[in-house]
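Hi everyone, thanks for having me. Today I'd like to walk you through a structure, step by step. Please have a look at it with me.

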Amino acid sequence: MTAVFRRELAAYFKGMLGWLFAAFLLLFAGIYTMAYNLSGYYANFEYVLDSISFIYLIAVPVLTMRSIAEERRARTDQLLYALPLRLSGVVLGKYLALLAVLALPTAVMALYPLILRQFGSVSLGPAYGTLIAFFLLGACLLSIGLFISSTCESQVASAVIALAVLLALYFIGSLADFVSTSASASLVALLMLALLFAVALWRLTRSAIASALALAVCAGGLFAWYAADSAAFSGLFPDIMAKLGLFDRFYAFVGGVFDLTAVVYYISITAVFLFLTVQSLEKRRWSE
Amino acid sequence: MIEVRHLTKRYGGHTAVNDLSFTIEPGAIYGLLGPNGAGKSTTMNIITGCLGASSGEVLLDGVNILDQSASAKRRIGYLPEQPPLYVDMTPLEYLRFVARAKGLRGEALDEQLLAAMERTGTLDVRDRLIRNLSKGYRQRVGIAQAMLGDPEVLILDEPTVGLDPAQIIEIRELIRELGQRHTIVLSSHILSEVQAVCDRILILSHGVLAASDTAENLTALFAGSGAIRLECRAEAVAVGAVLDRVEGVERFLIRPGEGGTSLVELRPRANCDPREALFNAFAEAKLPLLELHRERASLEEVFLELTRDDPGELREAEPAEARAEESEEVSEA
């Protein structure tokens, strides 16, 4: 794991990508700090972080796109399979390198509240609480980007898909308000999801029986639940959408609340996507 | 040492490797020979644990390679068909990464690094970006990578493909040198290469093992029915009279040659080499023999015969024989 971590980190900082990522984040952090704190006389650094969270939509896909997709294109993935390494170690090494790249601009930003403090009273609690949440949000998005990179053959495909997924996650919380809250609408929406899941399963496994079975189980379960307790379905789908809004969890921190459930949520999502990345690599070995 | 048992790999509807079984004994250089698409790379990928088989297993000293993957992989060095190089690194950085990943640390790491670079001749280019290296040097870096950690078995997939003739000779020499300390399995679709380097040859065709033997035995197998050609300065009638007296001649054909000579093509009886008798008989009759030689099936012919697209009689007959020989080996071991 350490060997992979060191190689990846060296690759990010010997090339432009690591520096570019840091510069991009810091550029926007600087612009918003100037606008809010220096020109607007706000004493809240968390507003800056709130405003620049959208930068992740571009920065994360660009940073993660080559991580695994490029290995596949250059056929260096064969080396990783042939070396006496565990795939979980490979994925963890790659992910920690990504985290280290993210940690650099975060560490620089950690200085900003201290600098602002020289010129007035800044409440450090919310500022640093939000900064930690900002890092966790980034960590979570990076794991999603890493997983997408592991399923793609080309960097461009990986970047485009990651951008689409992150955009969806960015807006999904706000979109939830516009979705019908009726029970039957939720049922239909969930059935559609089950169908999508079955199609994805079929694409991945090429097993029509397993996909049909999965669809039957999901649909059957939904219908049974609906028949037993249709009231539970009212507002269920918009609820689920709101729960998926990774960015919406972040806004609670900006409001001055250090939300521990959100921390657990971010870490769980990260763990799930790292696990999926390992599985995706493992699957390649069997069906390449 | 490595035992491949009933290996089958299917990609969708296409069967790349079909019920393949063979054994790799320590201390020899094995050549996996076959035309493009015969399943060589697939087989090697499965042996090294890079690819899962549809069915069958690979045992390393009796242990399934997938069960003990980390310890098994430490004992196998692998150079895939396309050397897996990070082109944004220098050979030194790259090899250091591989050495670390193979669990080497400290002095042992530096020693092995230096030894691998020395033996593959990559010491001079150690600080250049791999991106800027020629194909020959890239191949060497790939071989150096496989050597690190001093594995018992080296598996090299087409190690000389795309190299110029001088580089090919260098790499072959390197492989022969490595063969003194490691068991080597290399693949190639070029027969002369396998013939030049390998002790034993496994011929793959359409994912099936068509033959497995030493180069000499493979040639001999097909040379048994080799015809004998001779040229004699005499009339056809006289030559015919002599040939009638020689034992071990099944049938012959005499054609007139240039300048009053006779050209003879004769077929000896099975398991019989009448060349000496022929020489003596012609000497007694005072008929000067200008030429006498037995035709041997070249390995090239054997190879083409075994791997041709329409499965002929010969190819049908061969796997059975090859397998029979192999099972003898196994029972000896």
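How many Å separate the centres of domain 1 of chain A and domain 2 of chain A, taken over C-alpha atoms? It is 31 Å. Before we go on, please keep in mind that this is a predicted model.

Let me say where those domains are. In chain A, the domain assignment puts domain 1 at 2–179 + 243–287 and domain 2 at 182–234. Chain B is also assigned two domains, with domain 1 covering 2–221 + 302–332 and domain 2 covering 227–294. For chain B, the C-alpha centres of domain 1 and domain 2 are 47 Å apart.

Now, the interface. The size of an interface is often given as the accessible area lost when the parts come together. Here, chain B and chain A bury about 2,400 Å² between them, and carbon and sulfur atoms give 58% of that area. On the chain B side, 30 residues are in contact, and they meet 22 residues of chain A.

Which parts of chain B touch chain A? β1 (2–11), α2 (69–74) and α3 (91–101) of chain B each supply at least two residues to that side. The most comes from α3(B), with six residues. If we sort the side of chain B that touches chain A by class, we get 16 nonpolar, six polar and eight charged residues.

Let's stay with α3(B) for a moment. Its buried residues are Pro91(B), Tyr94(B), Leu95(B), Phe97(B), Val98(B), Ala99(B) and Ala101(B). And what covers the buried residues of α3(B)? The cover includes α1 (2–14) and α5 (77–82) from chain A, along with α4 (106–120) and α5 (135–147) from chain B. So both chains take part in that cover. Just after α3(B) comes Gly103(B), which takes a positive phi of about 90°.

You'll see Pro80(B) in the loop between β6 (76–79) and α3 of chain B. Is Pro80(B) buried or exposed? Pro80(B) has a relative accessible area of 1%, and because buried means under 20%, Pro80(B) counts as buried. Leaving out residues up to four places away in sequence, Pro80(B) touches Gln78(A) and Asp157(B).

One is Arg75(A), with a phi of about 65°. Arg75(A) sits in the loop between α4 (56–73) and α5 of chain A, and at 35% relative accessibility Arg75(A) is partly exposed. The other is Asp150(B), where phi is about 50°. Asp150(B) is found in the loop between α5 and β7 (153–157) of chain B. With a relative accessible area of 38%, Asp150(B) is partly exposed.

Conventions
Residues are numbered from 1 along each chain as its sequence is written. Chains are lettered from A and ligands numbered from 1 in the order in which they are written. This is a predicted model: local features need pLDDT of at least 70, side-chain atom pairs count only at pLDDT 80 or more; totals for chains, interfaces and linings use all residues. Side-chain values use heavy atoms; hydrogens and water are left out. Domain bounds come from an automatic or database domain assignment. Contact means heavy atoms within 4.5 Å. Buried area is the accessible area (1.4 Å probe) that two parts lose on being put together, summed over both. Helices (H or I, at least four residues) and strands (E, at least two) are DSSP runs, numbered from the N terminus. Ala, Val, Leu, Ile, Met, Phe, Trp, Tyr, Cys and Pro count as nonpolar, Asp, Glu, Lys and Arg as charged, and the others, Gly among them, as polar. Buried means under 20% relative accessible area, exposed over 50%, partly exposed in between (1.4 Å probe, protein chains only).
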